[in-house]
Amino acid sequence: MRSLGPYTYVTLTMTPDAAPRLGVSFHTADLCIRAGVLDKPRPYLEISSTEADVAISTTGADHVTEADLCTARQLFNAAARYLADCERLHFEQSAKGAPGTAA
């Protein structure tokens, strides 16, 4: 299987009678990921590559809602799963001497 180099993939889908849909896929380790609190106060999470930025924040500019907390927990759990999968696969690939890993 041929491996592609790092890249960011952005799509915009526009169809009649539907809201436009934007998709951003980061296929690179060259990302800047940061989080903080804006001056409202309003928490945010930002993921950026040289080609695209994605920002996540709470609903509107008002108080943090239960729905915002639910979204943050889902994000946290998905990130933990992503980390666990990356660590497991890195270990397995390292054991096999895969390119880009220390055998």
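**Ground rules.** I am reading a predicted model, where local features need pLDDT of at least 70, side-chain atom pairs count only at pLDDT 80 or more, and totals for chains, interfaces and linings use all residues. Residues are numbered from 1 along each chain as its sequence is written, and side-chain values use heavy atoms, leaving out hydrogens and water.

**Salt bridges.** I searched the whole structure and found 4 salt bridges (a side-chain nitrogen of Lys or Arg within 4 Å of a carboxyl oxygen of Asp or Glu). Arg-81 pairs with Asp-85 at 3.0 Å, N to O. Because they are 4 residues apart in helix H1, about one helical turn separates Arg-81 and Asp-85 (helices are DSSP runs of H or I, at least four residues; strands are runs of E, at least two; both are numbered from the N terminus). Asp-85 is partly exposed at 22%. Asp-85 also meets Arg-88, at 3.8 Å, N to O. Shared partners join Arg-81, Asp-85, Arg-88 and Glu-92 into one network.

Next I looked at Glu-46 and Arg-34, whose side chains form a salt bridge at 2.7 Å, N to O. This pair links distant parts of the chain: Glu-46 sits in strand E4 and Arg-34 in strand E3, 12 residues apart. I noted that Glu-46 is buried at 17%, while Arg-34 is partly exposed at 44%.

Terms used:
Buried < 20%, exposed > 50% of the residue type's maximum accessible area, 1.4 Å probe, protein only.
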